[in-house]
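I opened this model to look up its fold, its confidence and its nonpolar core. My entries follow the display.

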Amino acid sequence: MERFRRYRELLEAKRLELERKQKVEGLDEVTPSHDAGDVAAANGHKEMVAMFQNMRTNLLHFVNLALDRIADDTYATCFHCEEPISEKRLNAVPEALLCIQCQEALDRGQLEAPELGALSA
Ligand SMILES: [Zn+2]
């Protein structure tokens, strides 16, 4: 019985969903429009799409990393301090790589995590 099977399934479903959305929006972007108002709206829309795509690309990155960690059997261990990540946290955020303490420190800018910085850049 695979230890993290439930999380792997959650993460795989999440990855599929993210990839599907990326594709749909990629198609959206090439729709031409010549009306000035439409272009402005489309540009605003484009920025939003780009923003969401960025967020999703990052999320996808973390999801893939978490899946790698399941394969390596290092899943549910904090990337930074190597303490176990609580099940409650993993249920809420299956792609979490940091324990809640390290995540909070990172959010406050108090944690140096170049590995993660590179990922979220
Ligand atoms: Zn930690």
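I looked up the secondary structure first: the protein has five helices and zero strands, taking helices (H or I, at least four residues) and strands (E, at least two) as DSSP runs numbered from the N terminus. Along the sequence the pattern reads α-α-α-α-α. Residues are numbered from 1 along each chain as its sequence is written. The model is predicted, with local features needing pLDDT of at least 70, side-chain atom pairs counting only at pLDDT 80 or more, and totals for chains, interfaces and linings using all residues.

Next I checked pLDDT, the predictor's confidence in each residue, from 0 to 100. The protein averages 86, and 84% of the residues score at least 70. Helix α3 (residues 87-92) has the highest confidence, at a mean of 95, and helix α5 (residues 114-120) the lowest, at 55. Where pLDDT is low, the predicted coordinates should not be read in detail.

I then looked at burial (buried: 20 or more other C-beta atoms within 10 Å of the residue's own; exposed: 12 or fewer; partly exposed in between; C-beta atoms placed from the backbone). Of the 121 residues, 15% are buried.

Which residues touch the most other members of the largest nonpolar core? In this set of 15 residues they are Leu11, Ala66, Leu67, Ile70, Tyr75, Leu97 and Leu98. Elements giving two or more residues to this core are α1 (5-29) and α2 (36-72), and α2 provides the largest share, four residues. Such a core joins buried Ala, Val, Leu, Ile, Met, Phe, Trp, Tyr and Cys residues through C-beta atoms within 7 Å.

Last, I listed contacts (C-beta atoms, placed from the backbone, within 7 Å). Leucine 98 touches Cys78, Phe79, His80, Gln103 and Leu106, leaving out residues up to four places away in sequence.

Notes:
Contact = placed C-beta atoms within 7 Å.
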